[in-house]
Amino acid sequence: YKREASTNPPPKTTTEKAGSIIYKVQILTSDKKLSVNDKRFKGYDEISFYTDKGIYKYTYGSTSDYKKILSMHKKAAKDFKGAFIIKMKDGNRIYN
């Protein structure tokens, strides 16, 4: 008995829905792609990045809950000078 592999992709583990606003805390930038285990992330998890004009911009956290991102920002700001909250929609940063 051989089980056929499913062609369905695995479910997303985040709560990001298409078209919804997601908040993240931007913590640093680099001209090179960094490993999520890089020491510059100071042991933080939930690290992701987006690129803008060839620069990698690294973020911490991902939530649609503004109060939660405020709390995450407060934590990150202690370790990352200049950390700030950004908004993303469908994987792209929005500036309004």
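Axes are lines fitted to C-alpha atoms, for helices over the stretch in contact, and angles run from 0 to 180 degrees between N-to-C directions. The structure is a predicted model, in which local features need pLDDT of at least 70 and side-chain atom pairs count only at pLDDT 80 or more, while totals for chains, interfaces and linings use all residues. Residues are numbered from 1 along each chain as its sequence is written, and side-chain values use heavy atoms, with hydrogens and water left out.

Helices (H or I, at least four residues) and strands (E, at least two) are DSSP runs numbered from the N terminus. Five strands form an open sheet in the order β2-β3-β1-β4-β5, with antiparallel pairing; two strands pair if DSSP finds at least two bridges between them. The edge strands, β2 (47-52) and β5 (92-94), each pair on one side only. From one strand to the next, the twist averages 50°.

Strand β1 is joined to β4 (residues 84-89) by six bridges, with Val-25 opposite Ile-85. Six bridges also link β1 to β3 in the antiparallel sense; here Gln-26 faces Thr-59 and Ser-30 stands opposite Tyr-56. Helix α1 lies across β1, β3 and β4, at about 20° to β1, where contact means heavy atoms within 4.5 Å.

Eight of the 10 residues of β1 are buried, that is, under 20% relative accessible area with a 1.4 Å probe and protein chains only.

Technical notes:
Buried means under 20% relative accessible area, exposed over 50%, partly exposed in between (1.4 Å probe, protein chains only).
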